[in-house]
Amino acid sequence: MSAPAPGHADRLSQPPPPRHDQVTVGDVDLRVLRAGDAGDFVVFVHGNPGSADDWAGPMAAIAGFAQAVAFDLPDFGTTSAPPDFDHSVAAYADFIQHALRVLGIQRTHLVLHDFGGPIGLAWAAAHPNAVASVTLIDTGVLPDYRWHPLARLWRTPIAGEIFQASATRPTFRWLINFQEPRPLRRTFLDRMYDHFDRRTRRAVLRLYRATDDPSEMTRELIGRLRPLDLPALVIWGEHDAYLPASYAARQRDAFPDAEVHVLAGSGHWPFIDAAPTVDRLLTDFLRPAREPDSAPE
């Protein structure tokens with residue numbers, strides 16, 4: 001038998017990419033990614049700009065012992081929201097609950113990034129018995145937070161619309177990488193831009209304008225989550241230009257026993273620019289079996 005070509009064994013050892021599926025949640029045709037067939041559920045919630053595709057790497061990393069699930073939030077990725085969708089944190093959190101019911105997920109570990117943080121934590125606070133653990137990647141509770149410059153632009157009528165309309169692919173690539181300590185892969189940026197269509201650009205403006213005071217939301221979340229003392233992993237890029245790394249340790253305000261890691265040389269997307277480290281931390285955190293404290297809500 002002839003020897004395999006160089007790199008052949010490595011390709012064979014790579015886990016398969018997540019499987020794509022479509023499910024109906026109310027009047028929403030939801031795109032879902034899945035990896036793994038056994039073990040606890042782990043639900044990944046993306047931020048802005050983003051989609052379920054952001055999580056392909058971490059999902060593959062845990063697929064050997066968990067059932068990883070990610071989906072495009074309404075008006076992100078390829079999932080369209082109905083015309084009357086609210087585009088608020090509360091509405092997205094309610095949608096997560098509806099989606100999990102349709103998917104048959106009663107209890108799950110959460111992995112959250114960017115605006116997926118407040119959305120996922122709002123869902124967790126409302127359904128504490130359905131949460132096994134929380135992993136926060138450059139997101140979470142943000143005491144005394146002030147909007148970053150791009151968010152302030154999105155929140156400004158007319159100026160936000162003009163900015164969104166002018167975001168060409170080269171401009172988008174440059175703007176994202178300009179803020180990052182390590183250039184992000186072009187394939188990642190192009191996939192993100194492919195999903196950043198007119199529908200998603202409008203949704204971004206509505207989401208940021210519907211979120212008036214992050215500090216007030218944070219106080220409410222801390223008050224509801226801290227008594228639960230949920231297992232938590234915090235991963236933060238040291239050079240995040242949008243959410244300063246000083247917030248990493250502040251996640252213990254809501255999760256007193258959180259395991260906190262600040263990654264040197266990483267930015268706002270550590271699961272891309274420090275993927276092996278994030279995959280290892282996530283695997284080490286999620287692999288141990290955790291028994292439910294009580295029946296699902």
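Is histidine 148 buried or exposed, going by its relative accessible area? Histidine 148 is buried, with a relative accessible area of 11% (buried means under 20%, exposed over 50% and partly exposed in between, using a 1.4 Å probe and protein chains only). Before the close-ups, note that this is a predicted model, where local features need pLDDT of at least 70, side-chain atom pairs count only at pLDDT 80 or more, and totals for chains, interfaces and linings use all residues. Residues are numbered from 1 along each chain as its sequence is written, and side-chain values use heavy atoms, leaving out hydrogens and water.

**View 1. Histidine 148 and its contacts.** You'll find histidine 148 in the loop between S6 and H5 (helices are DSSP runs of H or I with at least four residues, strands are runs of E with at least two, and both are numbered from the N terminus). Skip its neighbours within four places in sequence, and histidine 148 is in contact with Trp154, Tyr208 and Tyr242 (contact means heavy atoms within 4.5 Å).

**View 2. Phenylalanine 71 with phenylalanine 95, an aromatic pair.** Rings of Phe, Tyr and Trp (its six-membered ring) pair if their centres lie within 6.5 Å; planes under 30 degrees apart count as stacked, over 60 as edge-to-face and the rest as tilted. By this rule the count comes to 15 aromatic pairs. Here the centres of phenylalanine 71 and phenylalanine 95 are 6.5 Å apart and the planes sit at 75 degrees, so this pair is edge-to-face. It joins distant parts of the chain: phenylalanine 71 is in strand S4 (residues 66–71) and phenylalanine 95 in helix H3 (residues 89–103), 24 residues apart. Phenylalanine 71 counts as buried at 1% relative accessibility, and phenylalanine 95 counts as buried at 6%.

**View 3. Tryptophan 154 with tyrosine 208, a tilted pair.** The ring centres of tryptophan 154 and tyrosine 208 are 4.9 Å apart and their planes are at 50 degrees, so the pair is tilted. Tryptophan 154 belongs to helix H5 (residues 149–154) and tyrosine 208 to helix H9 (residues 198–209), so the pair ties together parts 54 residues apart in sequence. Tryptophan 154 counts as buried at 5% relative accessibility, and tyrosine 208 is buried too, with a relative accessible area of 4%.

**View 4. Helix H4 and its surroundings.** Nine of the eleven residues of H4 are buried, so the helix is largely enclosed by the rest of the structure. The buried residues of H4 pack against strand S3 (40–45), H3, strand S5 (108–113), strand S6 (131–137) and H10. Now pick out glycine 117 in H4, which is buried with a relative accessible area of 0%. Not counting residues up to four places away in sequence, glycine 117 touches Leu112 and Thr139. Glycine 117 and valine 141 are 24 residues apart in sequence, yet 7.9 Å apart in space, C-alpha to C-alpha.

**View 5. Helix H4 crossing helix H10.** The axes of H4 (residues 116–126) and H10 (residues 214–225) come within 10 Å and cross at roughly 40 degrees (axes are lines fitted to C-alpha atoms, for helices over the stretch in contact, and angles run from 0 to 180 degrees between N-to-C directions). H4 and H10 are therefore oblique to each other (under 35 degrees is roughly parallel, over 145 roughly antiparallel, 65 to 115 roughly perpendicular, and the rest oblique). Where they meet, Pro118, Leu121, Ala122, Ala124, Ala125 and Ala126 in H4 face Met217, Leu221, Arg224 and Leu225 in H10.
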